[in-house]
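Subject: Structure handover

Hello,

Here is the structure for you to look over. My notes follow it.

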Amino acid sequence: MYKRLKKIKKLLPLYIMALPALVYLFINNYLPLTGMVVAFKDFDYSKGIYGSDWAGFRNFLFLFKNSVAFIITRNTILYNVAFIIINTFLGILVAILLSEVTSKKALKVYQTVILLPYLFSIVIISYLVFAFLSTDVGFINKGILEPLGKSTISWYNESKYWPIILPIVNTWKSFGFQATIYYANVISIDKSYYEAAQLDGASKLQQVRYITLVLLKPVIIMMILLAVGKIFYSDFGLFYQVTQNSGAIYSTTNTIDTYVYRTLIQTGDVGMSAAAGVYQSVVGFLIVLITNLLLRKISPEDSLF
Amino acid sequence: MKRMKVNKSALVAHIVLICFVLFCTLPTLLLVTSSLSDNDSVFRNGYSFWPKEWSLGAYRYMATQGQTIFRAYGISILTTFIGTISGLMLTAMLGYTLSRNELPGRKIINFLVFFTLLFNGGMVPTYLLYVNTLHVKNTIFALLLPNNILVNGFNVLLVRTYFNNNTPKELIESAMVDGAKEFRIFFSIIMPISKPILATVGLLIGIGYWNDWYNGLLYLTNTKLFSLQNYLNRILLDIQFMTQSMAGSAEAANALGKMPTITVRMAIAVIGILPLMMIFPFFQSYFARGMTVGAVKG
């Protein structure tokens, strides 16, 4: 016991170094956990979270009686599924193409350019989208549809187009990031496999099919499962900023995150908003646990915990 | 002449990759050419990749009437600077501590950091905490503190993994034999030999601050504190806000007709991405390396 105390005293400076960041995480990430009870309260600003009256599951009942609960859950999951499929496919494709490039200079240019959109804030991206889709001055209406003699489209008021637009925008932003990760794995494959295959007369496509993809499989599975773990969360900026918070297209753009925000800030219904948030946190966490179980079964060294 | 023999699969790769490069760059190009267009001509012909009438009007207007923009730009620079330096320090110190295997309680701290990545209280309790208890609303802290930009569990684990794999334990031990204290070991020995990871994490935090608009959206109503992203966010939906904030007064709003509203917005967006475009090619390898470190585990 004494020895342990002495050791802790000697290492005290290390604890002091760790302290500021831990205090921050405690305040930012752990204190709000207790505030989750607000979902079970009839929130009153003057009484605060803990002083407000209990409401039991009433907030949740209201949430799920409303058709909006189904819509936001459906949108969140379906968009995520689309994003996962597109990102995985393009990420692998671009990674394999990059591995065929031998010129160092060209490689660096490709890698830099495809990763650039990933660095743009979603506000900037909403400007890019606006430049294309603006009803009055957008490139698609003014530069393509009008010259072709077609009638212009009021993009921000037509919900049916957004299930196409949003995946394109998301792909633009994130395929380079996916490709970067897959590329690191493609180039780490032992070259002798390909040499042996070439000796056997395998075509390039056969090499991709029977060597690259087979050896990438664990990474692909891991990346997909990591994304599945986040399937209950959406990129708030993508669904709020890029759509310009347009009410006419909520049916195809409202997700759990945008609903929580709008209900809190625009409607001011703290209870409902918190209930949707708790629904997201709890189901989201269960999904993480399940995917981790799957990961541990498939490839134990890749499981998160 | 040997180079004339072109590898067929490499050729296909180049062609397809160039298509992807165009896919990535064309939208950005449209933003830039739009900002360089004549405002009236855009009214008539829309945004285009090759404007009928080129003009520097938007930038000229910004240079003379742009106090609000420069203020927002300044706030973005300030928060990015303060946030990145302090965030990097905090992250590195915690990550280093967690890399010291002999430390009692290390596993618990490790788990507490990791858990923040798996579960959070959600927007409402966080919002109520920052607004009602910590009173950060309409202060500069609203841009600095919320939302894990300062210290992110992922970054902490990234740094820890790097220190674990790349810092020779003998180095620390021999420094201790020489009588160096923990603080000295960290600041004069560990930090200087860990530049790659510090650059990666610093870049991640810096981009996080520069691009952040979410904190301002939630916690700022005082437009004087708006960062560039918040300003951009606001004027996209509310053109009146731009004319008023730039003109500054009602009578100046008479000059409103002269303001190139459509192109100025694009010009502000362009100066918003300019810093990223300029530094990124030099940091690309650090960024890619940071992203591909797979071994982030609890």
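First, the ground rules. This is a predicted model: local features need pLDDT of at least 70, side-chain atom pairs count only at pLDDT 80 or more, and totals for chains, interfaces and linings use all residues. Residues are numbered from 1 along each chain as its sequence is written, while chains are lettered from A and ligands numbered from 1 in the order in which they are written.

**The H4–H15 packing in chain A**

Helix H4 of chain A covers residues 58-65 and helix H15 of chain A covers residues 270-298. Helices (H or I, at least four residues) and strands (E, at least two) are DSSP runs, numbered from the N terminus. The two pack at about 80°, with their axes 9 Å apart. Axes are lines fitted to C-alpha atoms, for helices over the stretch in contact, and angles run from 0 to 180 degrees between N-to-C directions. From H4(A) come A:Asn59, A:Phe60, A:Phe62 and A:Leu63. They meet A:Gly271, A:Met272, A:Ala274, A:Ala275 and A:Ala276 in H15(A). Contact here means C-beta atoms, placed from the backbone, within 7 Å. By class, that contact has seven nonpolar, two polar and no charged residues. Nonpolar is Ala, Val, Leu, Ile, Met, Phe, Trp, Tyr, Cys and Pro; charged is Asp, Glu, Lys and Arg; the others, Gly among them, are polar.

**Chain A overall**

Chain A has 15 helices and two strands. Its radius of gyration is 25 Å, well over the 19 Å that the globule rule gives for 305 residues, so chain A is more spread out than a compact globule. (The radius is taken over C-alpha atoms; the rule is 2.2 Å times the number of residues to the power 0.38.) The C-alpha trace spans about 80 × 75 × 35 Å along its principal axes. Of the 305 residues, 41% are buried. Buried means 20 or more other C-beta atoms within 10 Å of a residue's own, exposed 12 or fewer, partly exposed in between; C-beta atoms are placed from the backbone.

The unreviewed UniProt entry annotates residues 73-291 of chain A as "domain: ABC transmembrane type-1". UniProt positions use the numbering here, feature names are shortened, and annotations may be inferred rather than shown by experiment. That span is 76% helix and 0% strand, with its end C-alpha atoms 19 Å apart. The entry also marks transmembrane regions, including residues 12-31 and 277-295. Residues 12-31 of chain A are 100% helix, with end C-alpha atoms 25 Å apart. Residues 277-295 of chain A are 100% helix too, and the ends lie 26 Å apart.

**Chain B and the interface**

Chain B has 15 helices and zero strands. Buried residues make up 40% of its 298.

The contact takes 79 residues from chain B and 76 from chain A. Helix H1 (residues 8-35) of chain B gives the most to the chain B side, with 16 residues. That side has 51 nonpolar, 24 polar and four charged residues.

Look at H6(B), residues 123-133: eight of its 11 residues are buried. Among them are B:Met123, B:Pro125 and B:Tyr130. Their cover includes H2, H3, H14 and H15 of chain A, together with H12 of chain B. B:His135 follows H6(B), with a positive phi near 50°.

Best wishes

Key: Contact = placed C-beta atoms within 7 Å.
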